[in-house]
Amino acid sequence: MGASDHGFMALALELARKGLYSTHPNPRVGCVIVADGQVVGEGWHLRAGEPHAEVHALRQAGERARGATAYVTLEPCSHHGRTPPCADALIAAGVARVVAAMQDPNPQVAGTGLARLAEAGIAVHSGVLEAEARALNAGFVKRMEQGLPLVRVKLAMSLDGRTAMASGESQWITGPAARSAVQRLRARSSVVLSGADTLLADAARLTVRGEELGLDAELTDLAVARPPLRVLVDGRLRVPLDAPFFQAGSTLVASCAGEQGERYRAGGHELLALPGEGGHVDLRRLLVELAARGANEVLVEAGPRLAGAFAEQGLVDEYQLFVAPKLLGSSARPLLELPLARMAEAKALKIVEVRAVGDDWRIIAVPVE
């Protein structure tokens with residue numbers, strides 16, 4: 001593997017990122033066709049059911065693909081899904097070499113695509129910029145390997161770690177740049193999930209607002225065209241049907257009180273009855289159900305009780321903390337409700353990124369296993 005392989009794979013990853021807001025439930029994939037050191041074809045996966053990245057790149061390359069090298073961020077598929085196998089398309093085009101960033105974690109593929117290429121006499125290499133490729137599709141990888149989606153918890157807080165005043169008032173802790181970043185988090189997610197406390201306090205809709213995304217017109221159109229599934233965790237069905245959350249469109253309501261939920265179904269919403277104790281929904285069971293529906297990334301935008309429950313049960317993969325240069329005071333609400341009594345019980349986190357977002361700061365942290 002030479003420097004040129006890494007450079008062309010980096011370009012393929014850049015193309016794959018164009019699908020950040022639109023490929024659900026499929027992975028984000030990019031492909032570059034290179035002949036005599038020159039890029040002759042580029043492609044990226046736009047949305048499920050449409051041609052994969054390899055097909056777009058091969059169409060652009062045409063006859064120049066014969067004898068060329070294909071750089072693809074995920075192992076070419078070998079099975080018939082909504083589209084024909086990409087491995088067969090590469091073989092038919094006569095490429096001489098295929099470089100993949102990573103093997104496909106999908107059990108339907110899992111090495112068979114690369115094996116099919118090798119059997120056809122194509123030189124095959126895998127593992128170039130693999131860490132970057134896995135990070136781009138971390139939710140898809142987790143769903144395929146563990147049957148669970150990646151869970152990202154977004155929290156907005158003051159410098160003294162408070163998320164709302166004692167009354168529940170929280171609009172707005174952070175500024176417009178941070179709120180735009182949250183819109184992009186929603187747009188890339190398969191599911192945006194919240195709880196009854198948040199909806200009752202904030203009258204939140206949790207929709208993707210195109211005018212606040214801060215993206216170019218093409219990506220904005222893609223993001224708005226594929227809105228995430230909005231999920232309410234409401235164990236005792238406390239949120240009324242005339243709440244803005246329900247008025248903004250159809251939703252999924254997860255509750256322990258399924259027999260009382262016919263009014264939600266009549267209102268055009270789906271009710272998912274799940275077991276729970278004390279009126280609290282079994283969150284792991286909910287995540288398993290969402291993964292079974294194809295959810296790769298779940299964004300939790302909830303108050304301290306529900307966010308704390310995800311944290312306490314070890315269900316959080318990533319925290320996105322937006323910190324405003326404000327002090328809300330000791331009577332304001334805490335970041336999370338976590339019943340910890342001793343230092344030994346503290347939840348250790350690793351900070352992976354700190355970045356200014358307008359007048360605020362964003363901290364991305366992951367749990368330390």
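By contact I mean heavy atoms within 4.5 Å, and with that in mind Met9 touches Tyr71, Val72, Thr73, Val99, Ala100, Ala101, Val128 and Leu129, leaving aside residues up to four places away in sequence. This is a predicted model, in which local features need pLDDT of at least 70 and side-chain atom pairs count only at pLDDT 80 or more, while totals for chains, interfaces and linings use all residues. Residues are numbered from 1 along each chain as its sequence is written, and side-chain values use heavy atoms, with hydrogens and water left out.

Now to the cores, meaning sets of buried Ala, Val, Leu, Ile, Met, Phe, Trp, Tyr and Cys residues joined through side-chain atoms within 4.5 Å, where buried is under 20% relative accessible area with a 1.4 Å probe, protein chains only. The largest nonpolar core has 50 residues, and Met9, Ile33 and Val98 have the most contacts inside it; helix H1, residues 3-16, gives the most to this core, with six residues. A second, separate core of 34 residues includes Leu252, Ala254, Leu287 and Ala307.

Turning to the sheet, we have an open one of nine strands with mixed pairing, in the order E11-E10-E9-E8-E14-E6-E15-E18-E17, where strands are DSSP runs of E with at least two residues and helices are runs of H or I with at least four, numbered from the N terminus. Two strands pair if DSSP finds at least two bridges between them, and strand E9 (residues 229-233) and strand E10 (residues 252-255) pair in the parallel sense over three bridges, with Leu252 in E10 as the bridge partner of Val231.
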